[in-house]
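Subject: A structure for you to look at

Hello,

Here is the structure I promised you. Please open it and keep it in view while you read.

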Amino acid sequence: MARLRSDFWVAAHLRRCAVEGVSAVQRRRGAPEAGAIFVKVDRLDGRADLYGPAPQALFEGDETAGRRFETLMREALPPDVEARLAREIRFDSDLWIVEIDDREGRHFLDLAE
């Protein structure tokens, strides 16, 4: 099964956040077809979370698996999250960044277990 293009996934995720009443923006546009997607959640209290793509090898053969994410940083200082994002951009300049502002830390992502 082909995975949903990154640009479509980001647009759908921003809409999902809006429907839930959560503020979210696309901070960085990456490769439309297959750019990696990172999601920063600003908890608006001096803490932030960062989620990135889970290794795809975990889901080989699972036809129902869509994009899955893993927690990269939890309740970290926002400057630390920004430093991690800067390192990721140096490694892969085609990545996407979605930023969500939510005091509850909601992200609406499918997390790898």
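This is a predicted model: local features need pLDDT of at least 70, side-chain atom pairs count only at pLDDT 80 or more; totals for chains, interfaces and linings use all residues.

Start with the strands. There are 5 of them, and they form an open sheet in the order β1-β5-β2-β3-β4. The pairing is mixed. At the edges sit β1 (23-28) and β4 (69-76), each of which pairs on one side only. From one strand to the next, the twist averages 20 degrees.

A reminder on what holds such a thing together: strands of a sheet pair through backbone hydrogen bonds, either parallel or antiparallel.

Now look at β5 (96-101). With β2 it pairs in the parallel sense, over 6 bridges. With β1 it pairs in the antiparallel sense, over 5 bridges. Find Val98 in β5. Val98 is the bridge partner of Val39, and Gln26 stands opposite Val98 too. Another bridge links Asp42 with Asp101 of β5.

Is β5 enclosed or open to the outside? Buried here means under 20% relative accessible area. Of the 6 residues of β5, 5 are buried, so the strand is largely enclosed by the rest of the structure.

Turn to α1 (6-19) next. Helix α1 lies across β1, β2, β4 and β5. Its direction runs at about 5 degrees to β5. Helix α2 (residues 78-91) also packs on the sheet. Helix α2 touches β1, β2, β3 (48-53), β4 and β5. The direction of α2 makes about 145 degrees with that of β4.

**The cores**

The largest nonpolar core has 14 residues. Which of them touch the most other members? They are Ile37, Val39, Phe69 and Ile100. Three elements, α1, β2 (37-42) and β5, each supply at least two residues of this core.

**The aromatic pair**

A search of the whole structure finds 1 aromatic pair. Such a pair is described by the distance of the centres and the angle of the planes. Here the rings belong to Trp9 and Phe69. Their centres are 5.3 Å apart and their planes stand at 40 degrees, so the pair is tilted. Trp9 is in helix α1 and Phe69 in strand β4, so the pair ties together parts that are 60 residues apart in sequence.

Are these two residues buried or exposed? Trp9 has 14% relative accessibility and counts as buried. Phe69 has 2% and counts as buried as well.

One more ring deserves a glance. Arg5 lies over the face of Phe8, at 5.2 Å from the ring centre.

**Leu109**

Last, go to Leu109. You will find Leu109 in the segment after β5. At 9% relative accessibility, Leu109 counts as buried. What does Leu109 contact, leaving aside neighbours within four places in sequence? The partners are Trp9, His13, Val39, Tyr51 and Phe69. His13 is 96 residues away from Leu109 along the chain, yet their C-alpha atoms are separated by 8.5 Å.

Have a look and write back with your questions.

Best wishes

Technical notes:
Residues are numbered from 1 along each chain as its sequence is written. Side-chain values use heavy atoms; hydrogens and water are left out. A nonpolar core is a set of buried Ala, Val, Leu, Ile, Met, Phe, Trp, Tyr and Cys residues joined through side-chain atoms within 4.5 Å. Buried means under 20% relative accessible area, exposed over 50%, partly exposed in between (1.4 Å probe, protein chains only). Helices (H or I, at least four residues) and strands (E, at least two) are DSSP runs, numbered from the N terminus. Two strands pair if DSSP finds at least two bridges between them. Axes are lines fitted to C-alpha atoms, for helices over the stretch in contact, and angles run from 0 to 180 degrees between N-to-C directions. Contact means heavy atoms within 4.5 Å. Rings of Phe, Tyr and Trp (its six-membered ring) pair if their centres lie within 6.5 Å; planes under 30 degrees apart count as stacked, over 60 as edge-to-face and the rest as tilted. A charge sits over a ring if NZ of Lys or CZ of Arg is within 6 Å of the ring centre and within 35 degrees of the ring normal.
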